[in-house]
Amino acid sequence: MNEGVDRREFLRRALAAGAVVAVPAWATGVASTGDRRVKELARSLAGPVIARGARGYAQARLLFNPRFDAVKPLVVAYPQSAADVAKAIRWARKYGVRVAARCGGHSYGGYSTTPGLVLDVTRLSRVRVNGDGTASVGAGSALVDVYDRLARGGVTIPAGSCPTVGVAGLALGGGVGFASRKLGLTCDNVLGLTIVTASGDVLTCSESENPDLFWACRGGGGGNFGVVTDFTFRATPVSSVSTFSIEWPWANARDVLAAWQGFAPVAPDELFSVLNLRAAAGVAPRVSSGGQFFGSEAQLRSLLAPLTAVGAPISVKTSMRTYMQAVFLWAGCGSSVAGCHLAGRSPGGTIERVTYKGKSDYAVQPLSAEGIDAIVRAIEARQGVSAAGSGGLLLDSYGGAIARVPKEATAFVHRDALFSFQYLATWATGAPASVAAANLAWIRGFYAAMRPYVSGFAYQNYIDPELAGWQRAYYGSNFGRLVEVKRRYDPDGLFRFAQGIPLRA
């Protein structure tokens, strides 16, 4: 089995991720419109402004997930600087136009688009390794480019595995990946940032400068407090890592689940692992695990004994790799940076847009036997759904450095989680409505069946428009403080969407 296949299918093809690093060739002109407001915006910005009816608009308006293709922004602007962002925000306030910031365009709820103004920050993509152990990263950078440019300097930051994820959305909501148990979340490694607020002010934020806004921007979700234009990250030296993949017969699924949940959250910090269970119509369900270790292959094999001893594994593979080779492995898009971009948006890009629905949960205590059984039965039920597509569950290990940060230290509150759940259903773009309905019914049923066995919390970067009580689920005890920050920096609610931080608790 290819080590990257399982993770690729549910983290590259189904996970919300995706960013365009440079403005595509079709987005190089100015607006073609009779709307005087849009003409005014186009005249004021250095970057391109693409209006309805203009050349390139059909592409410029799209998000990663075709489920949101019906949304047609008034205008998509590509600012080239914080000053451009500020001008666009003041324009939106002047004319009462809704604003949505877009980096990767992969919001699970489609919240990175709007019928108003989309501010696409992908031109703000410079990445630089500094001489003081930090890295400067433009907010519009795609993860594969961040990893690549940092690796050339022998360093990295902990971030996600999907190559086209925009770094801004990831960091603002938390940011979990294969280095997180050792190095913390992406937001834990943010040392400073620049943000343009609803007033059009350009602010720098750190522990010592605008510390309340800095706190909120580390886990408070994207799109709530302003438009971030750049970050300063703590950069960690890295050269090579060891990776593993294990697959078992489906008959071992219950035992594998029990063993993994007792192993992964308490493993050495250097080891991060995932568990992947999935099925499709007429296809036998599969259970596999993969992960990354900051250490030797021999050490990794020894650590994996609690997993490899379960049942009768079909395959056990380990390998020592350079850090960038591991990035490509988890990305599942070959071995070139060019190939790890969206097809049609960047030269050589191979990643296609994907239609999907996701939901999330957290476990703060081990699953009971009944909870494990509910998972197995739900995956088996997806095999019996006649509609095309596939469904699955990804469990990501927490603990380690993630858990050592106090809940109140950043806006990201899920510090005591053992692992996260990501429920996913995918189907072909353009499939009949009946196919979408069947996949949605399955994922909603799976999610409902797990209510007795999970914490009631959810990951804000897997934002779910169907989630009731999202305020507590995403932000827990930090929600009240987030509301206070919102009132201070966006008192008129310019940045608003269905699950955005409100002005009142």
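Which residues does Cys340 touch, not counting residues up to four places away in sequence? The list is Val144, Pro163, Thr164, Phe328, Ala331, Cys333 and Ile351, where contact means heavy atoms within 4.5 Å.

## Before we start

This is a predicted model, in which local features need pLDDT of at least 70 and side-chain atom pairs count only at pLDDT 80 or more, while totals for chains, interfaces and linings use all residues. Residues are numbered from 1 along each chain as its sequence is written, and side-chain values use heavy atoms, with hydrogens and water left out.

## Around Cys340

Let us stay with Cys340 for a moment. Cys340 sits in the loop between helix H12 (323-331) and strand E16 (355-363). Helices (H or I, at least four residues) and strands (E, at least two) are DSSP runs, numbered from the N terminus. With a relative accessible area of 0%, Cys340 is buried; buried means under 20% relative accessible area, exposed over 50%, and partly exposed in between (1.4 Å probe, protein chains only). For a sense of scale, Val75 lies 265 residues from Cys340 in sequence and 27 Å from Cys340 in space, C-alpha to C-alpha.

## The cysteines

A disulfide is a pair of cysteine sulfur atoms within 2.5 Å, and by this rule the count comes to one disulfide. Its partners are Cys333 and Cys340, whose sulfur atoms are 1.9 Å apart. Both Cys333 and Cys340 are buried. The torsion about their S-S bond is about 85 degrees, so the disulfide is right-handed.

Cys103 is buried, with a relative accessible area of 10%. For Cys187, the closest cysteine sulfur is in Cys217, 11 Å away, and that is again too far for a bond. Cys187 is buried too, at a relative accessible area of 0%.

## The seven-stranded sheet

Now for the strands. Seven of them form an open sheet with antiparallel pairing, in the order E15-E12-E14-E13-E17-E18-E16; two strands pair if DSSP finds at least two bridges between them. At the edges are strand E15 (315-322) and E16, each pairing on one side only. From one strand to the next, the twist averages 15 degrees. Axes are lines fitted to C-alpha atoms, for helices over the stretch in contact, and angles run from 0 to 180 degrees between N-to-C directions.

Helix H12 packs on this sheet, touching strand E12 (240-248), strand E14 (283-293) and E15, and its direction makes about 135 degrees with that of E15. Helix H14 (residues 433-449) lies across E16, strand E17 (390-397) and E18, running at about 165 degrees to E18.

## A look at strand E18

Strand E18 (residues 419-427) is joined to E16 by nine bridges, and the two run antiparallel. Opposite Ala425 in E18 stands Lys357, and opposite Thr426 stands Tyr356. E18 also pairs with E17 in the antiparallel sense, over eight bridges; here Leu394 stands opposite Gln422.

Is E18 mostly covered or uncovered? Mostly covered: nine of its nine residues are buried. In a regular strand the side chains alternate between the two faces of the sheet. Phe419, Phe421, Tyr423, Ala425 and Trp427 point one way from E18, and Ser420, Gln422, Leu424 and Thr426 point the other way.
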